Amino acid sequence: MGDEKHFIVERNLTASNSSRARTTVRLSGLKKKSAINQSAKQIARNLVELLLPYFITDEYECPKIVLMEEDGSELITLNEYLSSEQAVIQEVFLPQSDFRIAAGAETHNFKIRTFKIYSPGSKVSKVSLVADKREVETAFLSRYIPEFEDEFFDPAPADNSLVARNFILKTYVFGRYLDENVSLERGGFRFRKERLEDPTLYEEVCQTDIEKEAARLTAIAFQGELSSRSERKKIIISDYVDNNAPWHREALNQVDLNEFSMHPKPEEIEAVLHKQQFKAETLLRARIKNILKEDQPSNLNEESASSIAKNITEKSKSELIHYVVLRKYLLDLLERRLEYKDDNRHYTEGAVHDIIFPRKKDTDTISYDEHNLWILDERLSFTNYVSSDIPLDGIRSDRGDVIVYGNRIAMRGENIATNPITIFEFKRPGRDDFADPSSDEDPIAQIVRYANKIRDKKFRTPPGRPMDVTSTTPFYGYVVCDFTPKVEEWLEREKSFTPMPDRKGWFSYLAGPKIYIEVLSWDKVLRDAVIRNKVFFYKLGIDN
């Protein structure tokens with residue numbers, strides 16, 4: 001139609017003897033022959049789809065358009081293209097095709113027409129806004145209703161008059177509002193694409209308002225198929241929540257399924273449900289905050305109070321479920337870390353150490369919910385300070401695997417407040433060389449040495465925290481290792497420890513350093529942690 005800057009070049013105006021107006025366009029002189037290696041039938045299909053608004057606009061009669069080869073063969077009249085039963089573009093009957101959208105004091109009317117596009121190839125269903133008989137803006141229908149993402153399917157009729165075919169949908173939107181607000185070049189509209197959070201700033205209909213309503217009306221005509229797709233999607237999401245994220249059950253009951261794509265992956269499901277949970281928590285906090293601001297809280301009616309209490313309860317349930325399931329995963333992981341690796345060797349101390357508490361860390365650098373000291377003792381979940389594998393003075397090499405400084409606790413009766421300190425030492429599963437007479441890694445001796453240095457106030461850690469240690473400060477020591485005959489003999493004959501009834505643990509109170517020490521097997525630590533949580537796993541149906 002011309003060069004890069006002009007629509008028509010080298011015009012030659014001459015008088016015409018024809019009694020009717022017409023235009024002839026010849027396709028020749030292609031720069032790239034590969035750009036049009038298609039049959040006349042395929043070119044006709046593409047032209048009809050591109051020019052469809054001209055054929056279907058009300059109160060407008062499109063001129064007759066004929067496509068043919070240069071010799072007059074393969075003649076195709078585009079105006080008749082939609083009337084054949086074999087046509088690859090067919091209009092769909094819509095139960096409702098008109099809609100209105102209000103903007104301030106004005107109301108704007110729109111009309112849609114929807115077509116099936118058969119054998120679509122890589123194309124997807126779209127909504128198209130039309131102005132002055134030309135497509136101006138298009139959007140995926142799946143943006144508003146995800147179930148439009150896949151192609152649709154028309155089965156072959158019983159009389160075999162047609163073959164089964166796939167198709168996508170194209171919904172065209174017409175309206176005076178579109179005609180009046182299109183740019184001069186018809187490349188866009190003069191109204192906003194997206195609605196602002198505060199609609200009072202611009203009282204106008206935006207592009208997404210129109211597209212969303214057009215998608216809704218299109219969906220009514222395919223309600224059966226879309227409902228089936230939605231149910232299949234809901235099953236995928238529900239299965240993920242039931243089997244992998246039961247703490248999201250409440251969020252699943254509240255979320256709009258249109259937030260998910262038609263084939264949601266676990267990562268997407270998790271992201272959408274987490275977003276919904278955050279949204280619900282934000283609204284709940286806002287409601288509670290507003291209530292607490294009231295001058296007379298007694299004005300809160302019983303129904304509102306009950307609703308808020310129920311929401312808090314459901315939120316707490318979800319968080320508890322999440323927490324319990326994470327415990328199950330961690331115990332399963334610890335069990336695997338206590339087994340042999342592929343090379344028939346045990347995992348290192350660090351591999352099990354990091355599950356319980358990350359090495360080279362303390363509670364100044366991680367929060368209480370980032371460690372798993374509950375595996376050893378539930379009372380350690382909330383502590384004042386925990387140091388893991390860090391030199392007590394920040395310089396020297398002496399360091400305990402885990403040293404716990406507990407909060408002050410009130411004793412019964414006339415007892416005064418104390419500050420218990422707990423020291424853990426971990427030994428690699430399967431290892432027992434620390435029980436050799438020549439070993440300098442005696443874990444019991446290590447615990448006593450740490451305790452004495454802390455009691456003598458030789459350390460100034462944790463940084464900036466005074467160590468409130470007195471002669472009455474209780475010290476507890478725990479060694480976690482695998483029990484071999486050598487270890488048991490060492491505990492009984494050399495250390496004079498007393499076995500527990502299950503012989504999976506040994507204990508002793510060392511009067512000199514005033515410290516109570518238990519030596520526990522990895523199996524006992526794991527088994528006791530499982531037993532403490534077993535009823536919760538059972539209630540959630542994850543006990544296996």
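Me: Are Phe115 and Tyr172 buried or exposed?
Reply: Both are buried, and buried here means under 20% relative accessible area, with exposed being over 50% and partly exposed in between (1.4 Å probe, protein chains only). Keep in mind that this is a predicted model: local features need pLDDT of at least 70, side-chain atom pairs count only at pLDDT 80 or more, and totals for chains, interfaces and linings use all residues. Residues are numbered from 1 along each chain as its sequence is written, and side-chain values use heavy atoms, with hydrogens and water left out.

Me: OK. How many aromatic pairs are there in the whole structure?
Reply: A search turns up 16 of them. The rule is that rings of Phe, Tyr and Trp (its six-membered ring) pair if their centres lie within 6.5 Å; planes under 30 degrees apart are stacked, over 60 edge-to-face, and the rest tilted.

Me: Why is the Phe110 and Tyr177 pair put in its class?
Reply: The planes of Phe110 and Tyr177 are at 80 degrees and the ring centres are 6.0 Å apart, so the pair is edge-to-face. Phe110 is in strand 5 and Tyr177 in helix 2 (residues 176-180), so this pair links distant parts of the chain, 67 residues apart. Helices (H or I, at least four residues) and strands (E, at least two) are DSSP runs, numbered from the N terminus. Phe110 is buried at 2% relative accessibility, and Tyr177 is buried at 9%.

Me: And what about Phe115 with Tyr172?
Reply: Phe115 and Tyr172 are edge-to-face, 6.0 Å centre to centre with 75 degrees between the planes. Phe115 lies in strand 5 and Tyr172 in strand 9, so the pair ties together parts that are 57 residues apart in sequence.

Me: What does Arg113 do with Glu91?
Reply: The side chains of Glu91 and Arg113 meet in a salt bridge, 2.8 Å from N to O. A salt bridge is a side-chain nitrogen of Lys or Arg within 4 Å of a carboxyl oxygen of Asp or Glu. Glu91 is in strand 3 (residues 89-92) and Arg113 in strand 5, so the pair ties together parts 22 residues apart in sequence. Arg113 counts as buried at 18% relative accessibility, while Glu91 is partly exposed at 42%.

Me: What else does Arg113 touch?
Reply: Leaving out residues up to four places away in sequence, its contacts (heavy atoms within 4.5 Å) include Asp58, Leu94, Lys170, Thr171, Tyr172 and Phe174.

Me: How many salt bridges in total?
Reply: The count comes to 25. One of them joins Arg493 and Glu489 at 3.2 Å, N to O. Being four residues apart in helix 10 (residues 485-494), Arg493 and Glu489 are separated by about one helical turn. Arg493 is exposed at 65% relative accessibility, and Glu489 is partly exposed at 43%.

Me: What about Lys524?
Reply: Lys524 forms a salt bridge with Asp528, the closest N and O atoms being 3.3 Å apart. Both lie in helix 11 (residues 522-540), four residues apart, about one turn of the helix. Lys524 is buried at 10% relative accessible area, whereas Asp528 is partly exposed at 24%. Elsewhere, salt bridges that share partners join Lys427, Arg431, Asp433 and Glu441 into one network.

Me: Back to strand 9. Which side chain is in polar contact with Asn166?
Reply: That would be Glu151, at 3.0 Å. Asn166 is in strand 9 (residues 165-174) and counts as partly exposed at 34% relative accessibility.

Me: Last one: how many helices and strands in the chain?
Reply: There are 11 helices and 17 strands. Of the chain's 544 residues, 40% count as buried.

Note on methods
A polar contact is a pair of N or O atoms within 3.5 Å; within protein, one must be able to donate a hydrogen and the other to accept it, and residues adjacent in sequence count only if both atoms are side-chain atoms.
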